[in-house]
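Visitor: I would like a close look at one part of this model. Please take me through the sheet and what surrounds it.

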Amino acid sequence: MNEQFSALEILRKSSTFLSKKGIKSAKIDAEWIICNFLKIKKLDIYLDKHIISDEETLNKIRHAISRRAKREPLQHILGYVEFHGIMLKCDKRALIPRFETEQLVDLISSNLPVGFQGSILDFGTGSGAIIISLAKIYPHAKCLGIDKSVNCISLAKENVILNKCDQHVDIIQYDWNNSSIYLDRVNVIVANPPYLSEKEWLDTEPEVKEHDPKDALLSRKEGIYDLEKIIDIAPSLLCKSGLLALEIGHNQSEYLLKMLNKHFRKSFIKKDFTGKRRFLLAML
Ligand SMILES: C[S@@+](CC[C@H](N)C(=O)[O-])C[C@H]1O[C@@H](n2cnc3c(N)ncnc32)[C@H](O)[C@@H]1O
C-alpha cells in the first residue's frame, strides 16, 4: 500500500524543511505549493481532511519543495503569479512582477478618469504585468508595452493572450537607448525600469540574483542611467498634459524630482506602503 499523508502533515514537514534551508517565508511557500498541486484552498489544509496517497502527486510536491529549498523563486515553481487581480505566466524570461508595482498601477488609475480611452505606453514591460493590468482597468484604452528583451516580448505576448486583451494591447521590441522605431505620442507613459546599482544587485537574495534577468534590475551610473534616459525622452513622446509615472529606487527621488521639474509642469514623489519614496508622477 502507498504511504498516506494528510495535507497538514505535508505542510508541517515541508515548512520545517524549508525553514532549516533558510527560507524566511517557509510556511507560506509550502502552503502555496501544496494548494497548487492538490488543487485545494488554504483553508482545506487546516481542515485536515485531505489524505494523499497518490505517489505521483506526492513526488510533485516533494520536487517543488526541493526546488524552493534551493532558492528557486516560488513564482517560477508554480509557473504563475497573481498581480493586481490578474494571473500572469511567470518564468525566467522576465522579472517576477513585484507586489509594490501594483501600487504604481493604482497611482495611475487614481490620476485617470473612469472609462479613459486614451493611449498608454509601458516602458520595459517585462512580463506585461503593468500594461495588462491597466488594459483590464481601461478596456477602451490603446495600450503598448515595449521591451528590448526578446524573452520578455515572448512572455508578455503570451500573457496578453492569456488575459484576453490582444484587441487593444500591443507588445513590441524597442530599446530606449538605440531603437529607430517611430512611436506615436501617448497620454500616459509608465515605467518600472532597471534602477539598482552593481552593489545593490550583488546584495540581493539568491532568488533575485540567480533567477531574475540581470538586465531587468541593473542600471549604469549607480542605478540612475535608465531613469534619466526615460525622463529625458518622455516629453517628446507625451501628448499635451500627458502623465509620466515611474517606479524608482528608495534613494533616487530627490535627484530625479529636480530633473523632472525642468521638463514637466507638475511633479510629485509618492511613498510606498512602508513610507519609502518609491514612485514619481509628473504632468507635462
Ligand atoms: C524592472 S523590469 C520591469 C518589468 C515589468 N515592467 C514589471 O514591472 O514587472 C525592467 C524591464 O526593462 C527592460 N529594459 C531594460 N533596459 C531597456 C532598454 N534600454 N530598452 C527597453 N527595455 C529595457 C528589461 O528587459 C526589463 O524587462
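Which residue in β6 is the bridge partner of D122?

Guide: The model is predicted. The bridge partner of D122 is G145, in β6. That pair belongs to the two strands β5, residues 119–123, and β6, residues 142–147. They run parallel, and five bridges join them.

Now the whole sheet. Seven strands make it up, and it is open. The order reads β7-β6-β5-β8-β9-β11-β10, and the pairing is mixed. In general, strands of a sheet pair through backbone hydrogen bonds, either parallel or antiparallel. The edges here are β7 (169–173) and β10 (266–271). Each has a single partner strand, so one side of each is left without a neighbour in the sheet. On average, neighbouring strands are turned by 15 degrees against each other, direction ignored.

Next, a helix on the sheet. Helix α6, residues 101–109, packs there. It touches β8 (186–191), β9 (238–247), β10 and β11 (277–283). The direction of α6 makes about 155 degrees with that of β9.

H168 is found in the loop between α8 (150–162) and β7. Its relative accessibility is 18%. Buried means under 20%, so H168 counts as buried. Leaving out residues up to four places away in sequence, H168 touches A135, Y138, P139, A141, K142 and C143.

Last, the wider setting. The domain assignment of the protein chain gives domain 1 as 5–70 and domain 2 as 93–283. Their C-alpha centres lie 35 Å apart.

Notes:
Residues numbered from 1 in each chain as written. Predicted model: local features only at pLDDT ≥ 70, side-chain atom pairs only at ≥ 80, totals over all residues. Heavy atoms only, no water. Pairing = 2+ DSSP bridges. Helix = DSSP H or I, 4+ residues; strand = E, 2+ residues; numbered from the N terminus. Axes fitted to C-alpha atoms, helices over the stretch in contact; angles between N-to-C directions. Contact = heavy atoms within 4.5 Å. Buried < 20%, exposed > 50% of the residue type's maximum accessible area, 1.4 Å probe, protein only. Domains from an automatic or database assignment.
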